[in-house]
Amino acid sequence: MDSAGLVRRAVAEFAAAHLSGPQVCVGLSGGPDSLALTAAAVGAGLDVTALIVDHGLQPDSAQVAATAGEVAGSLGARVRVLPVRVGRRGGLEAGARDARYAALDEARADRPVLLGHTADDQAETVLLGLARGSGARSIAGMRAWNDPWARPLLGVRRQQTLAACTELGLVPHRDPHNDDPRFTRVRLRTEVLPLLEEVLHGGVVDALGRTAEGLRADNDALDEWAASVFAEAGRYDGLAVAPLLAVPLAVRTRVLRAWLLGVGATEPTHRVISAVDDLMATTGNARSQVAIGGDPGARRVVVRAGETLTVRLTAR
């Protein structure tokens, strides 16, 4: 099968398995992955609206967006261009990603959004999670379907989307950021993964994808177990200690994370969750506490009061 047919079949099979109707949006950057995805979605019979986010990070970004829109229109998709302002919190990559997802979510009008992430993107995500030591949830990578976000191409290689564009006579935009070694993902893509493929004699991208898939199944099982424990032990005015001490650490930390988010913690890090877990072994000394966030006037701390974890506000 040619590459364009392979990509189209991947989209059609995904739509049959996960989508309830033909109306979809596609997040279109103009690059080969999202351009091949747009063509495949139209070719698979879906009713496509291409959402093109203009991040405004390059002098010609408006023209790039307009050109992508013209191509999408020629394929039979409706088109919307979404200009955004990119913040710098967490760095340029994180700011652009946050702005992009917010714009897509606002514009999608209750339709699912198809994203052009490929097997190569999944491999990069797994390696990043592994290198950062951020736990099984990060190493499990991206889900193919996480309503409303759809990733039909996680089983398709990047070289196949590029070949599909060539076969269809489409000229994708080449984003200079994708070649900029200042970005960690670029170095993973251009240096680390090729070296791993050479040293391990190929198959690394597919192997990392299988690793992510297996971990997601494990995570789902542990999350379900943790939800049942939280239902027994969890109240936002206090969390019972005994049921948590009776379950494995992998379940307990999931319960703690859910509880901390519910009581107003900023995104709980591994360090904070581990400190709260350690707190359950104390006897309730008032000086034993874990800070979990707050505001300029007060901060939230977790303390153990008898057989319960509770949250208190303390003056700064």
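**Contacts, burial and charge pairs**

User: Which residues is Asp-33 in contact with, leaving aside its neighbours within four places in sequence?
Analyst: Asp-33 lies in helix 2; helices (H or I, at least four residues) and strands (E, at least two) are DSSP runs, numbered from the N terminus. Contact means heavy atoms within 4.5 Å. With neighbours within four places in sequence left aside, the contacts of Asp-33 are Gly-116, Thr-118, Asp-121, Leu-153, Arg-158 and Thr-161.

User: From which number are residues counted along each chain?
Analyst: This is a predicted model, in which local features need pLDDT of at least 70 and side-chain atom pairs count only at pLDDT 80 or more, while totals for chains, interfaces and linings use all residues. Side-chain values use heavy atoms, with hydrogens and water left out, and residues are numbered along each chain as its sequence is written, from 1.

User: Is Asp-33 buried or exposed?
Analyst: Buried means under 20% relative accessible area, exposed over 50%, and partly exposed in between (1.4 Å probe, protein chains only). The relative accessibility of Asp-33 is 14%, so Asp-33 counts as buried.

User: Which residues carry the UniProt feature "binding site", and where does Gly-30 lie?
Analyst: The UniProt record, an unreviewed entry, places the feature at Ser-29, Gly-30, Gly-31, Pro-32, Asp-33 and Ser-34. UniProt positions are in the numbering used here, feature names are shortened, and annotations may be inferred rather than shown by experiment. Gly-30 counts as buried because its relative accessibility is 6%, and, beyond four places in sequence, Gly-30 contacts Leu-35, Ala-68, Pro-172 and His-173. As for location, Gly-30 is in the loop between strand 1 (23-27) and helix 2.

User: How many salt bridges does a search of the whole structure find?
Analyst: Side chains of opposite charge can pair when their charged atoms come close. A salt bridge is a side-chain nitrogen of Lys or Arg within 4 Å of a carboxyl oxygen of Asp or Glu. Over the whole structure, the number of salt bridges is 17.

User: How many residues apart are Asp-121 and Arg-158?
Analyst: Asp-121 counts as buried because its relative accessibility is 10%. Asp-121 and Arg-158 form a salt bridge with closest N and O atoms 2.9 Å apart. This pair links distant parts of the chain, Asp-121 being in helix 5 (residues 119-132) and Arg-158 in helix 7 (residues 158-168), with a separation of 37 residues.

User: How far apart are the closest N and O atoms of Arg-108 and Asp-105?
Analyst: Arg-108 has a relative accessible area of 16% and is therefore buried. Asp-105, at 39%, is partly exposed. In the salt bridge between Arg-108 and Asp-105, the closest N and O atoms are separated by 2.8 Å.

User: What separates Glu-191 and Arg-187 in helix 8, and which residues form one network of salt bridges?
Analyst: Glu-191 and Arg-187 form a salt bridge at 3.0 Å, N to O. Both are partly exposed, Glu-191 at 38% relative accessibility and Arg-187 at 43%. These two are four residues apart in helix 8 (residues 184-199), so about one helical turn separates them. The network, joined by salt bridges that share partners, consists of Asp-33, Asp-121, Glu-124, Arg-158, Arg-185 and Arg-189.

User: What span does helix 1 reach from its first C-alpha to its last?
Analyst: Helix 1 (residues 3-18) has 16 residues, and the expected span of a helix is 1.5 Å times one less than its number of residues. The buried residues of helix 1 include Val-7, Val-11 and Phe-14, and their cover includes helix 2 (32-43) and helix 7. Against an expected 22 Å, the span reached is close, at 23 Å.

User: Which residues does Trp-225 touch, not counting those up to four places away in sequence?
Analyst: Trp-225 is in helix 9 (residues 204-233) and, at 40% relative accessibility, counts as partly exposed. Val-255 is 30 residues from Trp-225 in sequence and 9.3 Å away in space, C-alpha to C-alpha. Beyond four places in sequence, Trp-225 touches Val-247, Pro-248 and Val-251.

User: What percentage of the residues of the protein count as buried?
Analyst: The protein has twelve helices and eleven strands. Its C-alpha atoms fill a box of roughly 70 × 45 × 40 Å along the principal axes. Of its 316 residues, the buried share is 43%.
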